[in-house]
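Thanks for coming, everyone. Please have a look at the model on the screen, and then I will walk you through it.

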Amino acid sequence: MRFCSLASGSSGNCQYIETDKVKLLVDAGLSGKKIQESLISIEVDPSTINGILVTHEHKDHIHGIGILSRRFNIPIYANEKTWISMESQIGEVKEENKITFNTDKTFEINDLNIHPFMISHDAIEPVGYSFYYKDIKISLVTDTGCVSEEVKENIKNSHLLLIESNHDVEMLKVGKYPWYLKRRILGEHGHLSNDDAGKLLAEVLCGKNECILLGHLSKENNFPELAYQTVANILTEKGINVTKDISLDLTYRDRPSKVYNF
Ligand SMILES: [Zn+2]
Ligand SMILES: [Zn+2]
């Protein structure tokens, strides 16, 4: 199984997952051109993508979806409510490429099992995903203001976990965002802070070589080093050595992460 974060952040999100028989994108929130270039940079031919899974209908997650689907005849997977709220934003898509799944119900694409689960965000029915292939599990959770016990159960025992580390609370509070936006981000349907990510990881990790990627970092209210260090400090306090017990990495707004192989 291979994974690469092609981009993560409020300017656009797109994750890549590959098994022997499937090549998928989770979200396509950059321009079609940019996503094509990113795929080529990791030696993936964009025309070989088998599907695009949608987490929610915000623009930073769906911007390039319609274009890619039309250009390469790629099926798009989303839950029913997300389809209703994004359909008018993505342009004409072939009927056969509109695939609906049920949140909390596992489905298969060829040799890959996919479990979408409910998260807490100001979208119509936002989801995170766990992917199961042979004995490998990958989970992705960004764009959530809080994390329920169900989400914790869903992401436990992942070999790779991409988790949101959106903002530093103090930077956000003193920053230039208007108050309503600060309240939205800090609220339970907003985004996870660096502290939230650290505490969540301290709770769910076993320290058995898991690969952790911090994602959806804010450009205005965070620094990559600050996100990394805040999470690392919380994990260290909990007795997890971030260089020996796990691998802790960042994702980037403007370039792909390294490619992870399992
Ligand atoms: Zn987002
Ligand atoms: Zn969002």
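Start at cysteine 211. Cysteine 211 stands opposite serine 247 in strand S13. A strand here is a DSSP run of E with at least two residues, a helix is a DSSP run of H or I with at least four, and both are numbered from the N terminus. Cysteine 211 also has leucine 160 opposite, with cysteine 211 sitting in S12.

Before I go on, a word on the model. It is predicted: local features need pLDDT of at least 70, side-chain atom pairs count only at pLDDT 80 or more, and totals for chains, interfaces and linings use all residues. Residues are numbered from 1 along each chain as its sequence is written, while chains are lettered from A and ligands numbered from 1 in the order in which they are written.

Back to the strands. S12 and S13 are paired in the parallel sense over four bridges. S11 and S12 are parallel too, over five bridges. Pairing means that DSSP finds at least two bridges between two strands.

How enclosed is S12? Four of its five residues are buried, so S12 is largely enclosed by the rest of the structure. Buried means 20 or more other C-beta atoms within 10 Å of the residue's own; exposed means 12 or fewer, partly exposed is in between, and C-beta atoms are placed from the backbone.

Angles run from 0 to 180 degrees between N-to-C directions, and axes are lines fitted to C-alpha atoms, for helices over the stretch in contact.

Which helices lie on it? Contact means that the C-beta atoms of two residues, placed from the backbone, lie within 7 Å.

Take H8, residues 194-204. Its buried residues are Asn194, Asp196, Ala197, Gly198, Leu200, Leu201 and Val204. They pack against helix H5 (149-155), strand S11 (160-164), strand S12 (211-215) and helix H9 (224-237).

How do H8 and H9 meet? They pack at an angle of about 35°, with their axes 8 Å apart. On the H8 side, the residues include Ala197 and Leu201; on the H9 side, they include Leu226 and Val231. The contact divides into eight nonpolar, three polar and two charged residues. For that count, Ala, Val, Leu, Ile, Met, Phe, Trp, Tyr, Cys and Pro are nonpolar, Asp, Glu, Lys and Arg are charged, and the others, Gly among them, are polar.

Next, another sheet. It is open, with seven strands in the order S6-S5-S4-S3-S2-S1-S14 and mixed pairing. Its edge strands are S6 (98-101) and S14, each pairing on one side only.

Look at S1, residues 2-7. Five of its six residues are buried, so S1 is largely enclosed by the rest of the structure. S1 pairs with strand S2 (residues 14-18) in the antiparallel sense over five bridges. Alanine 7 stands opposite cysteine 14 in S2. Six residues lie between the strands of this hairpin, and glycine 9 takes a positive phi near 145°. S1 also runs antiparallel to S14 (residues 260-261), joined by two bridges. There, arginine 2 has asparagine 261 as its bridge partner.

Is lysine 134 buried or exposed? Exposed: it has 11 other C-beta atoms within 10 Å. Lysine 134 lies in the loop between strand S9 (127-133) and strand S10 (136-141).

Last, the overall picture. The protein has nine helices and 14 strands. Its radius of gyration, taken over C-alpha atoms, is 17 Å, close to the 18 Å that the globule rule gives for 262 residues, so the protein is as compact as a globular protein of that length. That rule is 2.2 Å times the number of residues to the power 0.38. Buried residues make up 49% of the 262.
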